[in-house]
Amino acid sequence: MSEVKGASIVGTAAATPFGTELEQNCAAFFEGRNTFCTPRHYDSKGLLAGVDPDLDEDDGTSRAFRLLRKLKDAITFPIPPETPLFLATTVGAIDLLEQGSDCNTTSALLDEAKQIFGLKTATLVSAACASGQMAVSLAMEQIRAGNCTHALVVGCDIASEFVTSGFTALGAVSKTFCRPYDKNRDGLVLGEAAGAILLTAYTPGTDAILSAAESCDAAHITAPDLEGTILKQAITAAMAGQGTIGGVIGHGTGTIYNDLAEINALNAVFSGNIPPLYSLKGNLGHTLGATGVLQIIFGLEFSRRGMMPPQANLQEPAVAAVSNQSQPLLSRRLLTLNVGFGGLNSALILEAAQ
């Protein structure tokens, strides 16, 4: 178990299939829309993905490189020149491998990210699907240790034949739509997106991550601990001293096992009275290393609005906390969960400034 306390958020940016405007994305979330379609850039065997059409114009580079450039164009805040970069990704520029290159695909994306953002120091965080929030926790630790005054966290992954094939082999991909926290959920839908967060030392009254905690089940190489026992420990540690939690942005992949483990952990923490619960994956699909970063970016927007979006594609809720209608938050403080293969668990608390 590890715990980190507090960092202020200077600026955020996102690049999704809905666009780069935060308001544009939030409008889609609150309308319950999704981005799922048949990919044009690989044969998905009829499976849907949350594909960004802006990346379909092939300029001879990796699709992941084009996604990072789209993200960079969306950034409106200044990045101090000595800022270290923390890149969260699961497979990096994986399409280079599909094209026959023998490069290290995550290192290739890291090198490209340094060029795009003009930063000299960079750290790769590849912790499966928990990469996003774990990169944020690492950046917060470096700020608190006095090793830097600012840190830029970027999460980025693309929809690819390689990853689709892997999750299909596990029986984890939906044959229809991703339906997080639905009684009849049948799997995830992969997506592609990127997000960026600039962090600095915590100042009260700002947009902030108030606390973060991590744990590891080590129960199975891919399956979570279905009881959610170790995930509960991370949630409890992150929530310690944080008062009323207004809502939960869950990892919510729409797979039978992940959603069950989360629901069990949350029921244990909140004594069966879970605050409003929601997963972005019903809208965007599973964006892998970008997921945790995007949850923070859009979580701040939900906190500002005091509302949680309706759960996209929901038909029959598996738990009362999830709804196909927007729900008022109990407070501006949100819990966000990010989990990954190998039993990796990340929980953090965020709050938008008043």
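Leaving aside its neighbours within four places in sequence, which residues is His251 in contact with? Contact here means heavy atoms within 4.5 Å. The residues are Cys129, Tyr181, Asn258, Glu262, Ser279, Lys281, His286, Thr291, Gln295, Leu337, Asn338 and Val339.

Before going on, note that this is a predicted model, in which local features need pLDDT of at least 70 and side-chain atom pairs count only at pLDDT 80 or more, while totals for chains, interfaces and linings use all residues. Residues are numbered from 1 along each chain as its sequence is written, and side-chain values use heavy atoms, with hydrogens and water left out.

**Stop 1: His251 and helix α8**

Select His251, in the loop between β9 and α8. Helices (H or I, at least four residues) and strands (E, at least two) are DSSP runs, numbered from the N terminus. His251 is buried, at a relative accessible area of 2%. Buried means under 20% relative accessible area, exposed means over 50%, and partly exposed lies in between (1.4 Å probe, protein chains only).

Now select α8, residues 256-269. The expected span of a helix is 1.5 Å times one less than its number of residues. For the 14 residues of α8 this gives 20 Å, and the end C-alpha atoms are 20 Å apart, which agrees. Colour Asn258, Asp259, Ala261, Glu262, Ile263, Ala265, Leu266 and Val269, which are buried. The buried residues of α8 pack against α7, β9 (247-249), β10 (277-278) and β13 (333-340). Just after α8, Ser271 has a positive phi of about 55°.

**Stop 2: Val322**

Go to Val322, in the loop between β11 (307-308) and β12 (327-328). Val322 is buried, with a relative accessible area of 3%. Leaving aside neighbours within four places in sequence, Val322 is in contact with Tyr181, Leu277, Gln311, Leu314, Pro317 and Gln327.

**Stop 3: the nonpolar cores**

A nonpolar core is a set of buried Ala, Val, Leu, Ile, Met, Phe, Trp, Tyr and Cys residues joined through side-chain atoms within 4.5 Å. Select Leu199, Leu294, Phe298 and Phe302, which have the most contacts inside the largest core, a set of 46 residues. Helix α10 (residues 291-305) gives the largest share of this core, seven residues. A second, separate core has 40 residues, including Phe65, Phe77, Val91 and Leu190.

**Stop 4: salt bridges**

A salt bridge is a side-chain nitrogen of Lys or Arg within 4 Å of a carboxyl oxygen of Asp or Glu. By this rule there are 19 salt bridges. Select Asp56 and Arg63, whose side chains meet in one of them (2.9 Å, N to O). Asp56 is partly exposed at 22% relative accessible area, whereas Arg63 is buried at 2%.

Next show Asp207 and Arg304, a salt bridge with its closest N and O atoms 3.0 Å apart. This pair links distant parts of the chain, 97 residues apart: Asp207 is in the loop between β7 (193-200) and β8, and Arg304 is in helix α10.

Then show Arg332 and Glu351, where the closest N and O atoms are 3.3 Å apart. Arg332 lies in the loop between β12 and β13 and Glu351 in strand β14 (residues 344-351), so this pair ties together parts that are 19 residues apart in sequence. Finally, select Glu23, Asp207, Glu301, Arg304 and Arg305, which salt bridges with shared partners join into one network.
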